Amino acid sequence: MGMATEANGDKKLRTDCSTVGEVIREERVYPSEEFRASSWISSREQYDEMYRRSVDDPDAFWEKEAEQFFWKTKWDNSDGKMHSENFDLRKGPITIEWFKGGKTNICYNALDRHVKAGKGDAIAMYWEGNELEQNKKLSYKEVLDNVCQLSNFLRSVGVKKGDLVAVYLPMLAELPIAMLACARIGAIHTVIFGGFSAEALAQRLLASGAKVLITTSGYRRGHKVIRMKQIVEEALSRLLEEEGHSIETCLTLANDSAVKRQDVPWTARRDVWWQDVVPRYPTVSHLEWLDAEDPLFLLYTSGSTGTPKGIVHTTGGYMVYTAATFKYTFDYHEGEVYWCTADCGWITGHSYLTYGPFLNAATVLVFEGIPTYPNPNRWWDVIDKYNVNIFYTAPTAVRSLMRFGDAPVKAHHLKSLRLLGSVGEPINTNAWRWLHEVVGNGRCPIVDTWWQTETGGFLITPLPGAWSLKPGSATLPFFGVQPAIIDPEGNELSGEATGALCLKGSWPGVCRTILGDHERYEMAYFGHFKGYYFSGDGCRRDEDGYYWLTGRVDDVINVSGHRIGTAEVESALVSYPMCAEAAVVGYDHQVKGQGIYAFVALKDNTRNFDEIRQALITTVREQIGTFAAPDKIHFAPSLPKTTSGKIVRRILRKIAAKELDDLGDISTLANPEVVDQIIALTGN
Ligand code: WT7
């Protein structure tokens with residue numbers, strides 16, 4: 001892939017974004033005295049003091065956080081330093097190391113440590129299935145037993161430290177179990193979101209080099225039955241035929257209530273039923289002690305250009321960081337029931353459904369279903385059924401449930417709720433207020449957590465007992481995090497400012513590289529503004545130092561909290577034989593936050609547009625997944641380009657937003673006349 005385009009290319013950063021949707025009315029929401037008094041960080045003064053220490057002496061601060069964990073060997077600080085970093089390309093390659101030389105195991109710290117401390121009977125996981133009658137609960141001891149059996153199985157098929165294991169599962173209890181089993185033996189897990197198509201799955205399997213895959217026969221999602229093993233079969237035969245890459249072992253969980261064993265495609269020798277083999281293994285399994293900087297997992301995410309990036313997180317820093325952010329941000333106290341609605345196919349399911357909570361001996365609710373099945377009461381039923389105390393979700397889901405009005409919520413007690421959380425995109429003030437007033441009954445603070453796949457954990461987030469909230473603002477940086485607002489010329493701005501959101505200096509949870517392409521990592525995150533990590537987001541810092549995220553300033557679209565690279569959708573569209581060229585931009589969408597708007601020029605314009613539109617959507621579904629299908633397809637005679645032939649998305653973005661008076665200078669285009677032609681075709 002082209003390195004230069006990642007850092008500069010034709011993509012002028014947009015730092016002028018206004019806050020999504022509505023005008024911000026400044027308003028403050030304070031935690032109750034009761035909430036404040038019982039919280040870990042209970043005043044702004046306490047935070048200020050800790051924050052200062054975390055920035056002045058990060059080693060001392062994070063060493064203290066790390067001490068609660070078991071380390072087989074302590075990290076090396078013989079030279080007086082526990083961490084080292086170079087964040088500045090002018091000084092050489094980007095390198096980040098925390099707790100180097102320290103030997104630990106995150107699975108041990110998430111499970112064995114609690115069982116040894118007498119918490120084996122505490123509930124680790126409540127699982128609620130898609131269907132009303134499906135549920136189970138697992139104690140810490142039971143999760144540990146399951147993890148050990150699976151890790152022994154993985155060893156028996158040859159998985160060793162450093163090997164990649166791919167996991168393609170819906171939100172079954174076995175998904176976090178599979179992640180922890182890999183971590184136990186030092187295998188690197190790569191979870192592939194269940195919504196990805198066969199082709200997208202094959203692409204990730206190939207790129208990661210995984211030889212073992214864990215999946216299921218199928219599952220139900222709402223009313224739909226998804227034949228997962230069938231999708232896997234397509235992906236694997238394609239991989240073998242086109243790339244000569246084979247998966248040696250495909251461990252398949254029989255999920256008979258959705259798809260029965262006899263109804264799945266099967267390849268003898270390669271395929272094994274989980275239930276036939278895993279329970280035969282012992283419930284003790286020795287641990288692989290890993291260096292703090294050994295990789296823990298790989299997770300693919302979309303960038304502004306090229307194929308998905310395989311983000312690599314390592315063991316020690318990620319462990320300490322996810323544990324600390326979970327504890328302080330959710331103000332977690334043992335015994336509380338915590339529900340995160342995210343899927344383990346995304347980073348939230350790694351850091352705040354699996355590792356962060358289990359490291360804190362939390363009780364986690366894992367829900368397989370969707371908020372509207374069998375009816376829009378489901379979420380509220382689940383909260384009351386399990387007496388959920390902390391509820392972490394996404395603005396898009398909140399908006400979709402707001403459409404059913406207050407009645408379904410009001411028909412429930414929801415008295416157990418103490419704290420609410422939001423992630424994935426800026427939360428618009430309407431959704432914030434509804435969550436606060438209707439769901440939280442005005443009683444529960446909302447932690448609006450800003451972070452990314454690459455950051456491992458929260459960077460800007462309220463500490464809910466420590467300061468007041470402003471609806472729509474992620475508020476202040478977490479310990480050790482130093483945000484910087486930068487103008488397009490690369491100057492760091494002080495005080496009240498709007499610009500590109502960057503970070504100065506590392507924090508333990510930041511990703512260390514992109515699998516197999518460190519140069520791409522350097523260019524994507526450290527190539528824009530020398531000496532800073534660039535997030536890709538725009539941001540405003542207000543007079544109180546609160547941060548307001550304004551959305552991506554690069555060519556990444558955030559659809560329902562799913563990150564989608566415009567380049568990936570475009571490449572799927574142009575693979576359709578009749579498509580001459582395609583450009584994709586985001587536009588404001590009532591429920592999804594952003595929708596996908598595709599401009600498509602066909603090779604031959606006399607065809608049936610409706611049919612082609614359908615075919616284009618099918619193509620994207622097949623190549624990426626249903627969630628990436630364009631919401632609108634706008635046919636155009638051709639696309640506006642610079643004289644050097646680059647598509648000018650800035651103009652297309654304005655047309656998609658119907659901001660036709662504000663197109664800017666189009667006279668420098670190679671083909672200015674197409675702009676009027678495209679506008680004339682609006683609504684086509
Ligand atoms: C992008 C990262 C982090 C887990 C979920 C998505 C947007 C995320 C917020 C928030 C404003 C947010 C940003 C970011 N984003 N949380 N609280 N307020 N924007 O992870 O797929 O890596 O996407 O999501 O644009 O860059 P991801």
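Biologist: Which residue just after α13 takes a positive phi?

Modeller: Asn387, with a phi of about 50 degrees. Helices here are DSSP runs of H or I of at least four residues, strands are E runs of at least two, both numbered from the N terminus. Bear in mind that the model is predicted: local features need pLDDT of at least 70, side-chain atom pairs count only at pLDDT 80 or more, and totals for chains, interfaces and linings use all residues. Residues are numbered from 1 along each chain as its sequence is written.

Biologist: OK, and which residues of α13 are buried?

Modeller: Arg378, Trp379, Trp380, Val382 and Ile383. Buried means 20 or more other C-beta atoms within 10 Å of a residue's own, exposed means 12 or fewer, partly exposed is in between, and C-beta atoms are placed from the backbone.

Biologist: What do those buried residues pack against?

Modeller: Strands β4, β17 and β18, plus helices α14 and α15.

Biologist: Switching topic: where is Tyr533?

Modeller: Tyr533 sits in strand β25, residues 532–541.

Biologist: Buried or exposed?

Modeller: Tyr533 counts as buried because 26 other C-beta atoms lie within 10 Å.

Biologist: What does Tyr533 contact, leaving aside neighbours within four places in sequence?

Modeller: Phe87, Cys502, Leu503, Tyr525 and Phe526. Contact means that the C-beta atoms, placed from the backbone, lie within 7 Å.

Conventions. Contact = placed C-beta atoms within 7 Å.
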